[in-house]
Amino acid sequence: MYTISDNLYSETAQKLLDAIDGRGYFSGSIEWQHGDTDCRLTISAVVYRSKRELPEGTATVISDIVPVWWEFHTRDDNGEDLNDFSFSTLREFLF
């Protein structure tokens, strides 16, 4: 079993936010190398935004990401490993 570290959750959150960009709905796969492990997040999600008042002015920020469906895969030289990825845990790193 591959244990998802806080570092990998943080990295996954940033990659997902970058992929979402300005969209209100995201459906796709994000792939990257994390150490010796190939990672792939495939997700379809609705993206909610809200306006926030900041000293610099009003900003529109992501307020929630609601997954419709997701899969997280980890693979090394020996093949695919089961992992303990949780979208609930990922949410802690998104906002």
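The legends below describe close-up views of one predicted model. Residues are numbered from 1 along each chain as its sequence is written, and side-chain values use heavy atoms, with hydrogens and water left out. Because the model is predicted, local features need pLDDT of at least 70 and side-chain atom pairs count only at pLDDT 80 or more, while totals for chains, interfaces and linings use all residues.

**View 1**
Helices (H or I, at least four residues) and strands (E, at least two) are DSSP runs, numbered from the N terminus. Two strands pair if DSSP finds at least two bridges between them. Strands of a sheet pair through backbone hydrogen bonds, either parallel or antiparallel.

**View 1. Strand 1 beside strand 2.**
Strand 1 (residues 25–34) and strand 2 run antiparallel and are joined by 10 bridges. Gly28 has Ile43 in strand 2 as its bridge partner. The hairpin of these two strands has 2 residues between the strands, and Gly35 in this hairpin takes a positive phi near 65 degrees.

Strand 2 and strand 3 (residues 57–76) are paired in the antiparallel sense over 17 bridges. Along this pairing, Arg49 stands opposite Ile62 in strand 3, and Ser50 stands opposite Val61 in strand 3. The two strands form a hairpin with 2 residues between them. Pro55 lies in the loop between strand 2 and strand 3. Pro55 counts as exposed, at 81% relative accessibility; buried means under 20% relative accessible area, exposed over 50%, and partly exposed in between (1.4 Å probe, protein chains only). The C-alpha atoms of Pro55 and Ile4 are separated by 37 Å, and the two residues are 51 residues apart along the chain.

**View 2. Strand 3 beside strand 4.**
Strand 4 (residues 79–81) pairs with strand 3 in the antiparallel sense over 3 bridges. Arg75 stands opposite Glu80 in strand 4.

His34 lies in strand 1 and is buried, with a relative accessible area of 15%. Not counting residues up to four places away in sequence, His34 touches Tyr2, Ser5, Asn7, Leu8, Glu11 and Cys39; contact means heavy atoms within 4.5 Å. Thr37 lies in strand 2 (residues 37–54) and is buried, with a relative accessible area of 8%. Leaving aside neighbours within four places in sequence, Thr37 is in contact with Tyr2, Trp32, Thr74 and Arg75.

**View 3. Helix 1 packed on helix 2.**
Helix 1 (residues 6–20) and helix 2 (residues 87–94) pack at an angle of about 70 degrees, and their axes are 9 Å apart. That makes helix 1 roughly perpendicular to helix 2, a term for angles of 65 to 115 degrees, where under 35 degrees counts as roughly parallel, over 145 as roughly antiparallel and the rest as oblique. Axes are lines fitted to C-alpha atoms, for helices over the stretch in contact, and angles run from 0 to 180 degrees between N-to-C directions. Helix 1 contributes Asp6, Tyr9, Ser10, Thr12, Ala13, Leu16 and Leu17 to the contact, and helix 2 contributes Thr89, Leu90, Phe93 and Leu94.
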